[in-house]
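I opened the notebook to look up a few local features. My entries follow the order in which I checked them.

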Amino acid sequence: ALVGIGAVMTVLMQSSSAAVATTLAALAGGAIGTDQAAALVIGQNIGTTVTNTLVSLGHVRNKEEFRRAFAAATVHDFFNLLAVVIFLPLEIMFGLLERCAAAITGFFMGDANLSMSGMNFMSMLTRPLVGTLEAVSNLLPGVFAGLAMVVIGLVLIFLAITYIGKLLKVLMVGKAKEVMHSAIGKGQITGILSGTLVTVFVQSSSTTTSLMVPLAGAGTFSLKQIYPFMLGSNIGTTITALLAATAVGGAVAVSAMQIALVHMLFNVLAVVVIFGLPFLRNLPILGAEMLGALAAERKIYAAAWILGVFLVLPLLLIAVTTIF
């Protein structure tokens with residue numbers, strides 16, 4: 001159910017970075033545990049690909065362009081779905097990602113606190129606002145005061161991430177395009193590294209991948225050329241969660257960093273396993289090419305894919321878990 005909720009959450013927010021940051025805020029507020037947060041993060045990797053899939057619909061009037069654009073968009077869908085199919089059972093049975101993240105966190109942090117608040121250089125600036133919010137929330141009776149602070153914290157984090165993302169897009173999209181044009185088609189490792197770099201620039205994998213869809217639709221780059229770049233965008237988007245985790249202080253600081261590392265490990269290991277194994281590497285490309293050809297012939301396949309992957313599948317996961 002939590003995987004489905006994570007997917008729907010990201011579809012609604014149109015940003016996996018904001019969704020993961022919100023998950024970290026809920027973890028810090030005690031609303032969820034680390035195992036629940038890990039499941040949400042895995043689901044959020046499904047929902048994050050909806051933006052570039054929707055962007056591909058802009059080419060729907062031209063059959064050949066739409067075939068290329070839809071294939072370029074859905075190769076990201078296929079890759080992330082394959083990653084979930086591989087790593088979700090491992091996480092359920094063995095807690096693979098959570099255990100690995102805990103080991104890494106313990107090695108670097110121990111019982112320490114990586115929170116930026118430990119430096120107190122923002123304390124004086126934020127104290128008036130924090131004090132005001134606490135005073136207002138304390139007007140509420142009992143547990144509602146704490147709940148109010150959690151809700152306010154979630155809203156502020158979401159607004160901050162959204163605003164920062166918009167600013168970075170304005171400042172960095174031009175540079176991101178330059179890096180993308182210079183890197184795509186110059187080798188698979190170069191493509192992955194440049195995809196990571198560009199996504200770090202714009203703090204949004206949705207923006208990075210959406211930049212490539214029109215280029216693929218126009219025939220500027222082939223599906224095989226942009227595929228490694230998209231994989232790099234999956235890795236680059238994990239930086240936001242790591243930065244957000246450093247802002248969490250107190251007893252849950254270690255848990256927040258652990259979940260941020262779950263997000264990073266999921267995406268890094270997915271690239272290593274799927275792209276590293278020849279028999280898995282081309283499966284997303286084959287699936288995307290087949291779906292692109294079908295969608296170009298009959299647009300109902302495109303609609304069915306979007307509704308099925310980003311709405312029906314998450315709701316089905318929620319319903320099955322609830323019933324059984």
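Which helix does L147 lie in? I looked it up: L147 belongs to helix 8, residues 143–183. I kept in mind that this is a predicted model.

**Entry: surface patch.** I checked the accessibility of L147 next. Its relative accessible area is 46%, so L147 is partly exposed. I then looked for a patch around L147. L140, V143, F144 and L147 make a nonpolar surface patch of about 400 Å².

**Entry: helix pair.** I turned to helix packing. Two packed helices are described by the angle between their axes and the distance between the axes. I noted both for helix 5 (residues 63–94) and helix 6 (residues 96–108). The angle is about 70°, and the axes lie 6 Å apart. Angles of 65 to 115 degrees count as roughly perpendicular. Helix 5 and helix 6 are therefore roughly perpendicular to each other. Which residues of the two helices meet? From helix 5, I listed F87, L90, E91 and F94. They meet L96, L97, E98 and R99 in helix 6.

Entry: I moved on to G232. Is G232 buried or exposed? Its relative accessibility is 0%, so G232 counts as buried; the cut-off for buried is under 20%. G232 sits in helix 11, residues 223–236. I asked what G232 touches, leaving out residues up to four places away in sequence. I found I192, G195 and T196. I also checked T190, 42 residues from G232 along the chain. The C-alpha atoms of G232 and T190 are 9.3 Å apart.

Definitions and conventions: Residues numbered from 1 in each chain as written. Predicted model: local features only at pLDDT ≥ 70, side-chain atom pairs only at ≥ 80, totals over all residues. Heavy atoms only, no water. Patch = residues over 30% accessible without salt bridge, like charges linked within 9 Å, V, L, I, M, F, W, Y side chains within 5 Å. Areas by Shrake-Rupley, 256 points an atom, 1.4 Å probe, with all protein chains shown as cover. Salt bridge = Lys/Arg side-chain N within 4 Å of Asp/Glu carboxyl O. Helix = DSSP H or I, 4+ residues; strand = E, 2+ residues; numbered from the N terminus. Buried < 20%, exposed > 50% of the residue type's maximum accessible area, 1.4 Å probe, protein only. Axes fitted to C-alpha atoms, helices over the stretch in contact; angles between N-to-C directions. Parallel < 35°, antiparallel > 145°, perpendicular 65-115°, else oblique. Contact = heavy atoms within 4.5 Å.
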